[in-house]
Amino acid sequence: ANIIFGFPEERYRDILWNFTFMFKMALVGVHDVPCFGFSPYPGSELFRKLLAEGKIKRDENYYRFLASLVYTSPLDRRSWNEKLPHFVLPLLSLGGMAYFYTLQYLFRPWRFVDMVRRVYNNKPRTMLEVAFNNIIDDFWHGRRRVSTDP
């Protein structure tokens, strides 16, 4: 299941409902709930609406923004909701995933052991396990090349 935060018309009670829904999903045994910030994609109704309102400038910076994922640059999210400041979106996304996985492992502790085993064997099944394997590949094994270009 995927949760998306920050739709232009989203209200605080909608955010609360998302967290309630994540609790229920953890309770019934859903394995994976990645959380993302809303990104208006070209061709979508919301993209056209935001473009018409002048909230999107269709340029190279916008397409660079779209190319970045929550896992590669979680702090670079932009909020399209006037009620949610930019800095709140990564907190909701990363906090939502932490909330869900904490509940999941509290309700089903054996899944934590399974996750550690799959990460160790580099056989991920969930987005969290993929993220851990990427961290291990990038930093532990030194496969990430940090650019020194300004």
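**Close-up views of a predicted model**

**View 1. Helix α1, checked end to end.** At 1.5 Å a residue, the 17 residues of α1 should span 24 Å, and the end C-alpha atoms of the helix lie 25 Å apart, which agrees. Keep in mind as you look that this is a predicted model. Now look at the side chains: the buried residues of α1 are I15, N18, F19, M22, M25 and A26. These residues cover an arc of only 120 degrees around the axis, which puts them on the same side of α1. An α-helix has 3.6 residues a turn, so residues three or four places apart point the same way. Turn to the other side of α1 and you will find R13, L16 and V28, which are exposed.

**View 2. What the buried side of α1 packs against.** Which elements do the buried residues of α1 pack against? Their partners are β1 (residues 3–5), β2 (residues 35–37) and α4.

**View 3. A nonpolar patch on the surface.** Five residues come together here: F23, L27, V28, L106 and F107 form a nonpolar patch, with about 480 Å² of accessible area together. The elements that give two or more residues to this patch are α1 (12–28) and α4 (88–107). Which element gives the most? It is α1, with three residues. F107 belongs to helix α4. Is F107 buried, exposed or partly exposed? With a relative accessible area of 33%, F107 is partly exposed, because partly exposed covers the values between under 20% (buried) and over 50% (exposed).

**View 4. Two salt bridges with partly exposed partners.** Start with R11 and D14, whose side chains meet in a salt bridge at 3.5 Å, N to O. R11 has a relative accessibility of 38% and counts as partly exposed. D14 is also partly exposed, at 23%. Next, find K49 and E53, where the closest N and O atoms of the salt bridge are 3.3 Å apart. K49 is partly exposed, with a relative accessible area of 35%, and E53 counts as partly exposed too, at 38%. Across the model, the count comes to seven salt bridges.

**View 5. A buried salt bridge between two helices.** The side chains of E129 and R118 meet in a salt bridge, 2.7 Å from N to O. This pair links distant parts of the chain: E129 sits in helix α6 (residues 127–140) and R118 in helix α5 (residues 109–120), eleven residues apart. Are E129 and R118 buried or exposed? Both are buried.

View 6. N122 is found in the loop that joins α5 and α6. Most residues other than glycine have a negative phi. What is the phi of N122? It is near 55 degrees, a positive value in a residue other than glycine. N122 is partly exposed, with a relative accessible area of 45%.

View 7. N2 lies in the segment before β1. Its relative accessibility is 54%, and N2 counts as exposed because exposed means over 50%. How far apart are N2 and C35 in sequence and in space? They are 33 residues apart in sequence, but their C-alpha atoms are 5.8 Å apart in space. Leaving aside its neighbours within four places in sequence, N2 is in contact with P34 and F36.

**View 8. Stepping back to the whole chain.** The secondary structure comes to six helices and two strands, and along the sequence these follow the pattern β-α-β-α-α-α-α-α. Of the 150 residues in the chain, 38% are buried. Among contacts in the chain with a separation of 6 or more, 60% involve residues 24 or more positions apart. The chain exposes about 9800 Å², and carbon and sulfur atoms supply 62% of that area.

Terms used:
Residues are numbered from 1 along each chain as its sequence is written. This is a predicted model: local features need pLDDT of at least 70, side-chain atom pairs count only at pLDDT 80 or more; totals for chains, interfaces and linings use all residues. Side-chain values use heavy atoms; hydrogens and water are left out. Patches are made of residues with over 30% relative accessible area and no salt bridge: like charges are joined within 9 Å, nonpolar side chains (Val, Leu, Ile, Met, Phe, Trp, Tyr) within 5 Å. Accessible areas come from the Shrake-Rupley method with a 1.4 Å probe; for residues, only the protein chains shown count as cover. A salt bridge is a side-chain nitrogen of Lys or Arg within 4 Å of a carboxyl oxygen of Asp or Glu. Helices (H or I, at least four residues) and strands (E, at least two) are DSSP runs, numbered from the N terminus. Buried means under 20% relative accessible area, exposed over 50%, partly exposed in between (1.4 Å probe, protein chains only). The expected span of a helix is 1.5 Å times one less than its number of residues. The arc is that of the directions from the helix axis to the C-beta atoms. Contact means heavy atoms within 4.5 Å.
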